[in-house]
Amino acid sequence: MTATLSPDRGSVILAGPTWSEVFPVARLASRIAFYRGLVARRGGKYARHHATTLAALESVAAELKKGGEGDGR
């Protein structure tokens, strides 16, 4: 799973091998919270399915904080 910023830095592009999603940067914190919940669900039983997505989104958030390009791979 990868997460990147759009060229105008207004959207996050989340892409995997079978699906993708584009959402406004303003929703990044809520998407991170959602995936953190999935990773923690049932004592971490589903973490292997969602941990890479969470890491990619957190990478974009860190890049936004630093003012960088935001390549969450």
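**Figure 1. The loop between β3 and α1, seen around V25.** In this predicted model, V25 is located in the loop that runs between β3 and α1. V25 counts as partly exposed, because its relative accessible area is 22%, and the cut-off for a buried residue is under 20%. Not counting residues up to four places away in sequence, V25 touches L5, R9, G10, S11, V12 and L64. V25 and R41 are separated by 16 residues in sequence and, from C-alpha to C-alpha, by 25 Å in space.

**Figure 2. The loop between β1 and β2, seen around R9.** R9, one of the residues touched by V25, has its place in the loop between β1 and β2. The phi of R9 is positive, at about 65 degrees, although R9 is not a glycine. Most residues other than glycine have a negative phi. With a relative accessibility of 30%, R9 counts as partly exposed.

**Figure 3. The largest nonpolar core and its contributors.** The largest nonpolar core holds 14 residues, and the members that touch the most others are A3, V12, L28 and L57. At least two residues of this core are supplied by each of β1 (2-5), β2 (11-15), α1 (28-44) and α2 (47-66), and the largest share, five residues, comes from α1. In soluble globular proteins, nonpolar side chains tend to be buried together.

**Figure 4. The packing of α1 against α2.** The axes of α1 and α2 lie 9 Å apart, and the two helices pack at an angle of about 150 degrees. Since angles over 145 degrees count as roughly antiparallel, α1 and α2 are therefore roughly antiparallel to each other, and their crossing is left-handed. On the side of α1, the residues that take part in the contact are L28, R31, I32, Y35, R36, L38, V39 and G44, and these meet A47, H50, A51, T53, L54, L57, E58, V60, A61 and L64 in α2. Sorted by class, this contact of α1 with α2 has 12 nonpolar, three polar and three charged residues.

**Figure 5. The buried residues of α1 and what covers them.** Which residues of α1 are buried? The buried residues of this helix are L28, R31, I32, Y35, L38 and V39, and what covers them includes β2, β3 (20-24) and α2. Each of L28, R31, I32, Y35, L38 and V39 is also listed among the α1 residues that meet α2.

**Figure 6. R42 and G44 in helix α1.** R42 lies in helix α1 and counts as exposed, because its relative accessibility is 61% and the cut-off for exposed is over 50%. Phi of R42 is near 50 degrees, which is a positive value in a residue other than glycine. G44 also lies in helix α1, where, with a relative accessible area of 27%, G44 is partly exposed. G44 is one of the α1 residues that meet α2. Between G44 and I32, which are 12 residues apart in sequence, the distance in space is 16 Å, taken from C-alpha to C-alpha.

Methods
Residues numbered from 1 in each chain as written. Predicted model: local features only at pLDDT ≥ 70, side-chain atom pairs only at ≥ 80, totals over all residues. Heavy atoms only, no water. Core = buried A, V, L, I, M, F, W, Y, C linked by side-chain atoms within 4.5 Å. Buried < 20%, exposed > 50% of the residue type's maximum accessible area, 1.4 Å probe, protein only. Helix = DSSP H or I, 4+ residues; strand = E, 2+ residues; numbered from the N terminus. Axes fitted to C-alpha atoms, helices over the stretch in contact; angles between N-to-C directions. Parallel < 35°, antiparallel > 145°, perpendicular 65-115°, else oblique. Left-handed = near helix turned anticlockwise from the far one by under 90°. Contact = heavy atoms within 4.5 Å. Nonpolar A, V, L, I, M, F, W, Y, C, P; charged D, E, K, R; others polar.
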